[in-house]
Every structure is written in C-alpha cells, then in structure tokens.
Amino acid sequence: FYEASQERLQKEIESLFADAIDKRTKNVRAIISPHAGYVFSGRVAASAFNQIDGDKKYENIFILASSHQEHFNGASVYCDGDYVMPYGKVKVNTDLCMLLVDRHPDLFTSNAKSHLKEHSIEVQLPFLHHVMKTEYCIVPIIIGGSDKNNCLKLAKALEPWFNQDNLFII
C-alpha cells in the first residue's frame with residue numbers, strides 16, 4: 001500500500017499533506033480515516049490527520065480498523081510487540097492490550113494472525129508519524145465484523161479511555 005523506502009514514503013506522505021484540508025478544529029478525541037491505497041484516499045486521510053494536535057502527548061492512540069482477511073466475533077488486539085515501519089518502530093502499549101483481553105475475554109482476543117496480513121491499521125501509521133511531534137504508543141484493534149451488538153460491546157469496553165488523554169483513529 002506504500003513505499004518500502006523511508007525517503008519515498010516520506011515524500012509521498014508530504015505531498016498528500018500539502019494537498020490536504022488544513023486544521024479546522026481543536027481538542028480532537030477521534031478521527032475517521034479511510035484505509036485504501038494512498039492514490040485513492042491519501043488526501044482525505046491526510047485531511048483527517050491534520051485535525052490532530054501533533055504537539056499533544058497522548059497516553060494512548062487507539063486505532064480501530066476492520067478486518068479484510070477473516071471474519072470473527074469481537075476484536076483482536078495486537079499484543080505481540082511493536083509495529084515495524086520503513087521509518088522505524090511504532091510502540092504498541094502491550095500492557096494495555098493485554099488488559100483489554102484479560103478484562104473482556106468474550107470480546108477481545110490476542111490473535112496476532114488477524115493482524116499479520118491486514119492493511120487497515122498499517123496504512124494509518126505513516127500519517128500518524130508525520131503529524132505527531134511527541135512520543136506516542138498505539139493500541140491496534142482489528143474488528144472482525146460489523147455485528148451491531150459486538151460494536152456496542154466494543155464501544156462500552158473502550159469507553160473508559162475515551163477522554164482528553166487519548167486519541168481514537170477509526
């Protein structure tokens with residue numbers, strides 16, 4: 001979905017931000033960003049990420065995305081380490097990821113397989129990297145389906161973290 005070269009990826013991201021809509025709001029707690037190939041949706045994604053305060057030190061950045069590889073009930077939280085990107089590692093808050101699995105075993109799993117070939121979180125990370133000026137860690141969550149009851153349970157489980165200290169990218 002993007003260049004493997006750090007330099008080429010950075011140029012591509014910079015060009016998408018140069019063409020994006022400027023910041024229009026403050027105190028953003030969540031954005032909705034597309035996850036298609038950058039040629040199709042990169043400008044819209046950059047416009048969404050432009051709304052984030054890159055100077056803010058978020059406790060966690062939750063990234064919720066749909067699965068394109070498999071269908072399953074609930075959601076899979078990546079608990080097996082950091083994401084490796086062309087520009088370096090993106091720190092995953094594995095302690096919080098495991099806490100979600102432990103507190104809500106009927107909703108969350110730690111099945112790394114659900115994340116390995118999935119692109120919907122990975123395509124968000126270069127935009128996040130471009131915007132954030134502070135250190136950050138992510139909580140990557142793949143949702144296995146669109147069942148209304150599962151989505152409501154997921155929202156309820158994540159509600160304690162939906163506050164000014166955290167950011168949600170959906």
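Trainee: Which residue of β7 is the bridge partner of Ala75?

Mentor: Strands of a sheet pair through backbone hydrogen bonds, either parallel or antiparallel. Here the partner of Ala75 in β7 is Ile143. Strands β3 (residues 75-77) and β7 (residues 138-143) run antiparallel, joined by three bridges. Two strands count as paired if DSSP finds at least two bridges between them; strands are DSSP runs of E with at least two residues, helices runs of H or I with at least four, numbered from the N terminus. Keep in mind that this is a predicted model, where local features need pLDDT of at least 70, side-chain atom pairs count only at pLDDT 80 or more, and totals for chains, interfaces and linings use all residues. Residues are numbered from 1 along each chain as its sequence is written, and side-chain values use heavy atoms, leaving out hydrogens and water.

Trainee: What is the strand order of the open sheet?

Mentor: Its six strands go β1-β8-β2-β7-β3-β6, with mixed pairing. At the edges sit β1 (30-31) and β6 (108-109), each pairing on one side only.

Trainee: Is Ser76 buried or exposed?

Mentor: Buried means under 20% relative accessible area, exposed over 50%, partly exposed in between (1.4 Å probe, protein chains only). Ser76, in strand β3, is buried at 0%. Contact means heavy atoms within 4.5 Å, and Ser76 touches residues including Thr109, His115 and Ile141. A polar atom of the Ser76 side chain lies 2.8 Å from the backbone oxygen of Asn111.

Trainee: What about the phi of Asn27?

Mentor: Most residues other than glycine have a negative phi. Asn27 is not a glycine, yet its phi is positive, about 55°. Asn27 sits in the loop between α1 (6-18) and β1 and counts as exposed, at 76% relative accessibility.

Technical notes:
A polar contact is a pair of N or O atoms within 3.5 Å; within protein, one must be able to donate a hydrogen and the other to accept it, and residues adjacent in sequence count only if both atoms are side-chain atoms. Lists of a residue's contacts leave out its neighbours within four places in sequence.
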